[in-house]
Amino acid sequence: MLETTQAAIINTDALKRQSACASRADAKWSVAEIEALFELPFSDLIYRAQKVHRENFDPNAVQVSTLLSIKTGGCSEDCGYCPQAARYHTDVENEPLMALDDVLAAAKAAKDSGASRFCMGAAWRSPKQKDLEPVLKMIAEVKAMGLETCATLGMLKDGQAQQLKEAGLDYYNHNLDTAPEFYGEVITTRTYQDRLDTLDSVREADINVCCGGIIGMGESRTQRAGLIAQLANMKQPPESVPINLLTQVEGTPLHGTDALDPFEFVRTIAVARITMPQSHVRLSAGRESMGEAVQALCFIAGANSIFYGEKLLTTGNPDVEADNALFDKLKIRKV
Ligand code: SAM
Ligand code: DTB
Ligand code: SF4
């Protein structure tokens with residue numbers, strides 16, 4: 001009997017794994033195939049990415065989302081890039097959950113400046129039920145303002161995704177961050193499988209998935225390809241794929257990592273575009289240090305979404321005037 005129960009548990013686990021990630025046999029892209037894309041001459045890669053982009057999207061429209069950190073700092077996790085982890089000595093202070101009215105005022109300002117989606121982030125390992133209740137209210141009210149809603153609150157437990165859906169959540173952001181082979185170098189307090197399980201519950205609750213990662217953490221090109229393979233081989237790839245360039249924050253373990261060549265970042269965007277033709281690829285953290293030319297290359301390579309507003313969660317982002325000026329020069333429309 002014990003054996004049967006154990007076998008059932010193992011089978012359920014195996015099924016769960018398959019539901020987030022395609023099994024080897026139906027993998028759409030091997031890591032080697034993705035690496036071969038990375039190896040293409042730059043112009044050939046960008047040409048392929050532009051072709052795929054134009055077949056699937058208006059090439060001159062970029063979706064804009066504004067982020068707000070509704071609960072900042074004091075996080076129990078050890079993500080090596082993150083200024084909000086309590087264990088690292090950064091300038092980020094631990095703050096309580098923001099009041100509803102303050103969140104709504106920020107959402108209104110985001111809407112007035114042209115954002116179509118409002119993303120609320122919390123520095124939690126996982127939301128406690130007593131913390132989730134006020135967030136559900138925020139989601140419902142932001143939605144009622146006519147904005148799309150997104151939240152990133154950490155790992156979700158049974159039933160929480162369903163509650164978020166019922167409150168009106170359109171997108172849940174939960175990143176895989178990097179390839180499984182590099183993951184343990186960056187985070188030890190939660191597993192890759194924990195992340196896949198949360199992504200599964202988001203899918204099951206019929207919430208759009210926003211899932212991507214961070215480039216420039218010292219991973220190899222093969223590992224960058226490994227992250228893209230994980231995302232592209234999902235049974236249903238994420239609707240939104242944020243590609244963050246590591247923002248190095250003093251006091252975090254990854255501060256001092258060798259800077260990534262900007263062309264390698266552009267290549268990663270192009271490869272994400274080719275392998276996930278129907279996903280919005282978001283040029284995420286790191287834009288402030290990129291300059292206009294590299295950002296323009298990212299749009300040409302197929303990025304069609306950004307975080308818009310002078311702050312990400314705790315670090316800086318270009319101000320809206322600078323983004324609007326760039327969009328005017330490139331004749332890009334915000335959507
Ligand atoms: N605490 C929740 C979690 O980890 O799921 C939600 C917020 S967390 C800050 C969201 C994502 O932001 C992380 O998964 C990571 O990909 C990204 N991020 C955090 N710090 C970053 C940094 N310094 N540079 C680039 N991306 C970063
Ligand atoms: C994502 O992939 N990038 C955003 C959002 N999802 C939540 C966060 C970037 C955070 C950068 C560091 C900071 O501002 O604290
Ligand atoms: Fe906490 Fe999220 Fe930062 Fe990790 S990335 S330390 S879970 S806030």
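1. Overall size first. The protein chain has a radius of gyration of 19 Å, which agrees with the value near 20 Å that a compact globule of 335 residues would have; the radius is taken over C-alpha atoms, and the globule rule is 2.2 Å times the number of residues to the power 0.38. The C-alpha trace spans about 65 × 50 × 40 Å along its principal axes.

2. A word on ground rules. This is a predicted model, so local features need pLDDT of at least 70 and side-chain atom pairs count only at pLDDT 80 or more, while totals for chains, interfaces and linings use all residues. Residues are numbered from 1 along each chain as its sequence is written, chains are lettered from A and ligands numbered from 1 in the order in which they are written, and side-chain values use heavy atoms, with hydrogens and water left out.

3. Secondary structure comes to 12 helices and 10 strands (DSSP runs: H or I of at least four residues, E of at least two, numbered from the N terminus). Of the contacts (heavy atoms within 4.5 Å) between residues at least 6 apart in sequence, 76% join residues at least 24 apart.

4. Now the inside. Buried residues (under 20% relative accessible area, 1.4 Å probe, protein chains only) make up 53% of the chain.

5. Ligand 1 has 16 residues around it, and Tyr-81, Thr-152, Asn-175, Asp-177 and Thr-247 come nearest (a residue counts with a heavy atom within 4 Å). Nitrogen of ligand 1 lies 2.9 Å from a polar backbone atom of Thr-247, and there are 3.2 Å pairs to backbone atoms of Ala-122 and Trp-124 (polar contacts are N or O pairs within 3.5 Å). The protein covers 90% of the 560 Å² of accessible area that ligand 1 has on its own (Shrake-Rupley, 1.4 Å probe).

6. Ligand 2 also has Thr-152 and Asn-175 among its surrounding residues. Alone, ligand 2 exposes 410 Å², of which the protein buries 89%.

Note on methods. Polar contact = N/O pair within 3.5 Å; in protein donor to acceptor, adjacent residues only side chain to side chain. Buried < 20%, exposed > 50% of the residue type's maximum accessible area, 1.4 Å probe, protein only.
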